[in-house]
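Here is a short report for a reader new to this structure. Please look over the sequence and the model first.

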Amino acid sequence: MIIYVPGDSAAVSVGADEVAAAIALLAPAATIVRNGSRGALWLETLVEIQTPNGRIAYGPVTPEDVASLFAADFLNGGMHPLALGKTDQIKWLANQDRVTFARVGIIDPLSISDYCAHGGLLGLTQALELSSEELISEVTESGLRGRGGAGFPAGIKWRTVAQTASAEKYICCNADEGDSGTFADRMLIEGDPFTLIEGMTIAGIAVGATKGIVYLRSEYPYAIATLQKAIDSARVNNWLGASVLGSAHSFDIQIRVGAGSYVCGEETAMLESIEGKRGVVRAKPPLPAVEGLFGQPTVINNVLTLSTVPMILADGAAAYKARGVGRSLGTQVFQLAGNIARGGIVETAFGIPLKELINTYGDGTLTKRPVRAVQIGGPLGAYFSTEQFETSMDYESLIAAGGMLGHGGIVVFDDTVDLAVQAKFAMEFCAIESCGKCTPCRIGSTRGAETIDLIIKGVRIDENKKLLLDLCEVMTDGSLCAMGGLTPLPVKSAMINFPSDFNGVQK
Amino acid sequence: MLLLATLREEKGPVLMALQLIQKEFGYVDPACVELIANFFNKSRAEVHGVLTFYHDLRTTPPAEHQISICVAEACQAVGARSLEKEVKAKFGDETKDAYCFGNCALGPAAMVDGKIIGRATLAKIEKARQ
């Protein structure tokens, strides 16, 4: 008897450890697998039972529910108010198109045999058959773009590093997932860490790098622990080391833990931080692909970008790029967050309307009040109003609508939100997290927060609004990186889409 | 010194050294700055700069319990600000603001002595603190 109780930290945050302990007490002979989360976080703790006809689910289970589940004989599929039927037929999950997240929630995250039984290593095995040029062409051909937010074509970045001659090159995985409303990197690392290891190894083989570094934020202690165990296990099995899978390629991975700085998610600040310095942004050029970590050519990709590479190689570039719209090809792992009834991971092809994510998947707000605002793409992303709900969720459409996709996080607010307060927070956050290198970001953010405060208090509103827009222009055009450069995005979108919140009347 | 010696082979070891010292002692005594600088052949200014840049690093001993409340947007949308006020009123110096634990669909989120809490309330935080 196999019982799945997620060990994902979101599930743990609502009692999964206690649920697992209570089940273990009443079913001592059963094997309890701590899988990743299926992504339907509103159903956590989602307990699954392996039956001859597939996995059946119960959720959301609290520790207090366990006794009644046993009374209902749930181990044999007994009826219970929390019964959800077959897991893969839960509509919320069945309608998704899981590529990057294909294994998350299904396998035991640290089981080598589970990983291989579900298509693990197929991508790496394929990669070892190809030349560097063929490998990079395949990734380029798939249309895969940087999932961290910038959306830069992964294959082109890899080619630059491959073509830059150097005895030492690095693959840096950016796992400093600091954007509020995003948790896909964390869930992938906790739920299927070998995929990231495989993706980084493929990148190393493609560009001729032998060292990989995962910059993982300290706020993710569970992910750090899981990834470290996976790396250790990969070394023991020769997936990492001097001879990857017995080939002539050498590759190894080290975790570097962040120290609570948001700006270190910016790629050059991240490099400084990995070098042990203050996380101060570097001016570009030189591009990190030419002169990156310790001055060497460096591939910097997000967790999701690297973790999609094994699937692209296993199934072919054509299968991946058959999904999506325009220049946004493949799938995006959307994250539904904030005040939302059914939050979690929705992986689907680019081009899904915002409305479908919020209403169909999300089922509106948790508080059951009307949705008023949606912030897309993290703290530096725009606030959208419900009038923009038809927007297609892809890189280009979101830019055309005055926003950006970012890392795919969507934060929902109900009608009690005050967008002037949110705009002020955007500036305050920038003031706290600015690395301090450039003036528009360092000083502008503080002045911006002060100016919005005056607007909120009703002081010379028109004059201060004009001043604020002027300041936003300076920050957008004059900042070194996206921290100062994009902070005006939430501010201006709030002013444009929610003008009634900027008239000096406090909610 | 023995602690620092474990990092001798690392490239760019200063941040790791500070993190290691904090893990061992709970904080980084400013007296360590010179020690680390000498050991890794850096200037005191460089080490001090790193120590004061990162939110995680502290130069005074921590309280017995550590409570972090996420006050980023997704948690704000589900009442993090009022939770923050309640928790600060009760536990004062033990409480600090944090920005995102990646638990944004089950907010408000908090971390108490390293344990993650979703749909956090004052009662849940009190229980986890025991």
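## Domains of chain A

This is a predicted model. Chain A is split into domain 1 (2–94), domain 2 (112–321), domain 3 (324–414) and domain 4 (419–502).

Take domain 1 and domain 2 of chain A. Their C-alpha centres are 33 Å apart. Six residues from domain 1 of chain A and six residues from domain 2 of chain A form the contact. On the side of domain 1 of chain A that touches domain 2 of chain A, one residue is nonpolar, four are polar and one is charged.

## A parallel sheet

Chain A has an open sheet of four strands, in the order 8-7-6-9, with parallel pairing. Strand 8 (252–257) and strand 9 (298–302) of chain A are the edge strands. Each of these two pairs on one side only. On average, neighbouring strands of this sheet are turned by 20° against each other, direction ignored.

Look at one pair. Strand 7 (residues 211–216) and strand 8 of chain A run parallel, joined by six bridges. A:Gly212 has A:Ile253, in strand 8 of chain A, as its bridge partner. In general, strands of a sheet pair through backbone hydrogen bonds, either parallel or antiparallel.

## Helices on the sheet

Helix 10 (residues 193–207) of chain A packs on the sheet. Helix 10 touches strand 6 (170–175), strand 7, strand 8 and strand 9 of chain A. Its direction makes about 150° with that of strand 6 of chain A.

Helix 12 of chain A lies across strand 6, strand 7, strand 8 and strand 9 of chain A. Helix 12 runs at about 105° to strand 7 of chain A.

## Where the chains meet

The contact between the chains takes 45 residues from chain A and 34 residues from chain B. Which elements of chain A give two or more residues to the side that touches chain B? They are helix 1 (9–13), helix 12 (267–274), strand 12 (331–338) and strand 16 (409–414) of chain A. By class, this side of chain A has 21 nonpolar, 18 polar and six charged residues.

## One residue in chain B

B:Glu64 sits in the loop between helix 4 (44–53) and strand 1 (67–70) of chain B. Is B:Glu64 buried or exposed? B:Glu64 is exposed, because 8 other C-beta atoms lie within 10 Å, and a residue counts as exposed at 12 or fewer. B:Glu64 and B:Leu4 are 60 residues apart in sequence. From C-alpha to C-alpha, B:Glu64 and B:Leu4 are 26 Å apart in space.

How values were computed
Residues are numbered from 1 along each chain as its sequence is written. Chains are lettered from A and ligands numbered from 1 in the order in which they are written. This is a predicted model: local features need pLDDT of at least 70, side-chain atom pairs count only at pLDDT 80 or more; totals for chains, interfaces and linings use all residues. A residue is buried if 20 or more other C-beta atoms lie within 10 Å of its own, exposed if 12 or fewer, and partly exposed in between; C-beta atoms are placed from the backbone. Two residues are in contact if their C-beta atoms, placed from the backbone, lie within 7 Å. Ala, Val, Leu, Ile, Met, Phe, Trp, Tyr, Cys and Pro count as nonpolar, Asp, Glu, Lys and Arg as charged, and the others, Gly among them, as polar. Domain bounds come from an automatic or database domain assignment. Two strands pair if DSSP finds at least two bridges between them. Axes are lines fitted to C-alpha atoms, for helices over the stretch in contact, and angles run from 0 to 180 degrees between N-to-C directions.
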